[in-house]
Amino acid sequence: MSNKLNGKVALVTGGSRGIGAAIAKALADDGADVAISYSASPDKAKAVVNGLLEKGVRAHAFKADQANAKEVEALVKSVVERFGRLDILVNNAGVFVTGQVHDRANNLAELDRQFAINVGGVAAAVRAAAPVMGDGGRIISIGSVVGDTSPFPGIADYSATKGAIAAYTRGWARDLGPRGITVNNVQPGPIDTDMNPAQNGDFSQTQKTLTALGRYGTPEEVAAAVAFLASRAASYITGANLNVDGGIA
């Protein structure tokens, strides 16, 4: 374990599994105390927290519905109350819902909830965190390469949510720059998680062929980028969209 983030407190939303769990572990490996949020996986969240505690850092899991702005605000407040401060916010929680725009069978409620989580929840977290975060803090969102492109039908709504995060990142970087708070957006390509498994027939094979490396990435590879952006070494990087996508076309 390094000491690059000793004394720092991080909040990783959606940290009970997949990319979020990998990010929580990477930040803890660098010495940060880590809070994670979850919505429906208390056992998985507890397992992640236990793993973090074994690394010798403070850790806790908080239940919060990312689609509910008041719960997100309460989440940030609870983290500060328990840990005494907040230095790093990682907006990882998100959902992936597809549907072509002309398809009358679309579940519009699910599409609306996707926007509430992927955009509204991120905005609520940043609005709550910015006033309590000290100068020199870090805000890192997990977007997607499909925020820049839509390589197949049915993902317009999801792409729009991630495009919004990229735009917010640029604007928030301007808002918070005078305080030395950096705001960046990590845009993964195909990553092997339960949301998008690498062994998923033709769908996953198509995604592999779109990348220069010809493979899926791992949650740990995304987490490494986040850990870098959270470090002092990245203090002059802000408003950036960093693709972690294997060179996707």
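Which strands does helix α4 (residues 108–129) lie across? Helix α4 lies across β4 (88–91) and β5 (138–142), and runs at about 170° to β4.

## Basis of the description

This is a predicted model, in which local features need pLDDT of at least 70 and side-chain atom pairs count only at pLDDT 80 or more, while totals for chains, interfaces and linings use all residues. Residues are numbered from 1 along each chain as its sequence is written, and side-chain values use heavy atoms, with hydrogens and water left out.

Helices (H or I, at least four residues) and strands (E, at least two) are DSSP runs, numbered from the N terminus. Contact means heavy atoms within 4.5 Å. Axes are lines fitted to C-alpha atoms, for helices over the stretch in contact, and angles run from 0 to 180 degrees between N-to-C directions.

## The sheet

Seen in order, the strands of an open sheet of 7 strands run β3-β2-β1-β4-β5-β6-β7, with parallel pairing (two strands pair if DSSP finds at least two bridges between them). The edges are taken by β3 (59–63) and β7 (241–244), each of which has a single partner strand, so one side of each is left without a neighbour in the sheet. From one strand to the next, the twist averages 20°.

Strand β1 (residues 9–12) pairs with strand β2 (residues 33–38) in the parallel sense over 4 bridges, and the bridge partner of V12 in β2 is I36.

## Helix α5 across the sheet

Helix α5 (residues 156–176) lies across β5, β6 (182–188) and β7, and its direction is at about 160° to that of β6.

## Aromatic pairs

The structure holds 2 aromatic pairs (rings of Phe, Tyr and Trp, the last by its six-membered ring, pair if their centres lie within 6.5 Å; planes under 30 degrees apart count as stacked, over 60 as edge-to-face and the rest as tilted). One of them is the edge-to-face pair of F96 and Y158, at 4.7 Å centre to centre and with 75° between the planes. This pair links distant parts of the chain, since F96 is in the loop between β4 and α4 and Y158 is in helix α5, 62 residues apart. F96 is partly exposed at 32% relative accessible area, whereas Y158 is buried at 12% (buried means under 20%, exposed over 50%, partly exposed in between, with a 1.4 Å probe and protein chains only).

The rings of Y168 and W172 have centres 4.3 Å apart and planes at 10°, so this pair is stacked. Both residues, Y168 and W172, lie in helix α5, 4 residues apart, about one turn of the helix. Y168 is partly exposed at 29% relative accessibility, while W172 is buried at 9%.
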